[in-house]
Amino acid sequence: MYKDFPLIAMIALATVTLACGLQINVPVKNINTIEPVKEKIHVDKPESSTEVTHLTFNFGLGKLNLSPGADNALVDGSAIYNIEDFKPQIHIDGSQVTIETGDLEIDGIPKFDKKQKNEWNLKLGDMPLAININAGAYQGNLEFGGLSINSLHIVDGASDVKVRFSEPNQIEMSEFKYETGASEVELYGLANANFSKMSFKSGAGGYTLDFSGELLQDADVTINSGMSTLTIVVPKGTSARVFFDSGLANADVHGEWKMKDNGYYLAGGDSILTININMAAGNLILNN
């Protein structure tokens, strides 16, 4: 895990373009702060209980916490920030809902430290959702268990993120995409996500993909990673096959996996999890 979040911010600002519209020029610039502001974020429940709502979070720097539990609302919670331009903005256009940090224009590379604060604590409602998260350098704690997610797409820069599906997704997820830079990302309960297709793309970093939960349908997963440590966990009792392609990465296999026909196989239930992995370099750890 990253211990120095300001360092993450510096790396991300130097390597990625944030969705919230940061504009950076040299030289170094201090960031002015204000007294912390706590602001409510609330979006009413949509009129239709069956139409998919496209919910987008554009989040630059800070901490983003999402979880189920919004009563009679699409989104409910608050933001705490002490940079004036981080004031949250909400845009609604029919079934398209966007919540984003304000535009922060920076003349030079900023000096971030523990004095800067931007934290969202939001609960999501139980209605069909297509969720998009576009983030920069952030710490994320994202719990999606028990929601009704039609599709999920996460794109971030240098990040430290945990994603959990502690309970089954209430509807079938057509696709789950995750794209990240040099990060630490942990995904838990992925079988509960109830997706048919998943893609995971990453740069250098440490990544854990835990496919615990109940696999209700055949699922295909494609993983492309740079120089990284990648841990794949598939519990006993799940039918799975893993195909691994890399010239410079090692495979460290534990548990009941059987190697056959250039793949690793695990016997289990009727539904089959198929994982195709391509790594530039590093280490693959395969566990039960």
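A: Strand 3 gives the largest share of the lining of the second largest pocket, with three residues. This is a predicted model, and what follows is computed from it. Two elements give two or more residues each to the lining of this pocket, namely strand 3 (37-44) and strand 7 (89-93). The space in the second largest pocket is about 200 Å³. Its lining is made up of 15 residues, and those closest to the centre are Asp44, Pro46, Ile92, Gly94 and Val97. By kind, the residues of this lining are six nonpolar, five polar and four charged.

Rolling a probe the size of a water molecule over the atoms shows where empty space is left. A search of the whole structure finds one cavity of 30 Å³ or more. About 40 Å³ of space lies in the largest cavity. Its lining consists of Leu190, Ala191, Asn194, Phe195, Glu214, Leu215, Leu216, Gln217 and Ala219. Six of these lining residues are nonpolar, two are polar and one is charged.

Phe211 belongs to the largest nonpolar core, which has 63 residues. Within this core, Phe211 is one of the residues with the most contacts, along with Ile133, Phe144, Leu209 and Ile232. Strand 25 (residues 268-287) supplies the largest share of the core, six residues. There is also a second, separate core of six residues, among them Leu61, Tyr81, Ile83 and Ala137.

Thr208 is found in strand 19 (residues 205-210). Thr208 counts as buried because its relative accessibility is 18%, and buried means under 20%. With neighbours within four places in sequence left out, Thr208 is in contact with Val185, Glu186, Leu187, Tyr188 and Thr231.

Asn72 sits in the loop between strand 5 (62-68) and strand 6 (73-81). Although Asn72 is not a glycine, its phi is positive, at about 55°. With a relative accessible area of 67%, Asn72 is exposed. Asn262 lies in the loop between strand 23 (258-260) and strand 24 (263-266). Asn262 is likewise a residue other than glycine with a positive phi, in this case near 65°. The relative accessible area of Asn262 is 69%, so this residue counts as exposed.

The protein as a whole gives the setting for these parts. Its secondary structure comes to one helix and 25 strands. Of its 288 residues, 48% are buried. Among contacts between residues at least 6 apart in sequence, 63% join residues at least 24 apart. The accessible surface comes to about 13300 Å², and carbon and sulfur atoms account for 46% of that surface.

Key:
Residues numbered from 1 in each chain as written. Predicted model: local features only at pLDDT ≥ 70, side-chain atom pairs only at ≥ 80, totals over all residues. Heavy atoms only, no water. 1 Å grid on protein atoms, 1.4 Å probe; cavity = no way out; pocket = protein on both sides within 12 Å on 5 of 7 lines; lining within 4 Å. Points joined across faces, edges and corners; volume = space filled by probe spheres on them. Helix = DSSP H or I, 4+ residues; strand = E, 2+ residues; numbered from the N terminus. Nonpolar A, V, L, I, M, F, W, Y, C, P; charged D, E, K, R; others polar. Core = buried A, V, L, I, M, F, W, Y, C linked by side-chain atoms within 4.5 Å. Buried < 20%, exposed > 50% of the residue type's maximum accessible area, 1.4 Å probe, protein only. Contact = heavy atoms within 4.5 Å. Areas by Shrake-Rupley, 256 points an atom, 1.4 Å probe, with all protein chains shown as cover.
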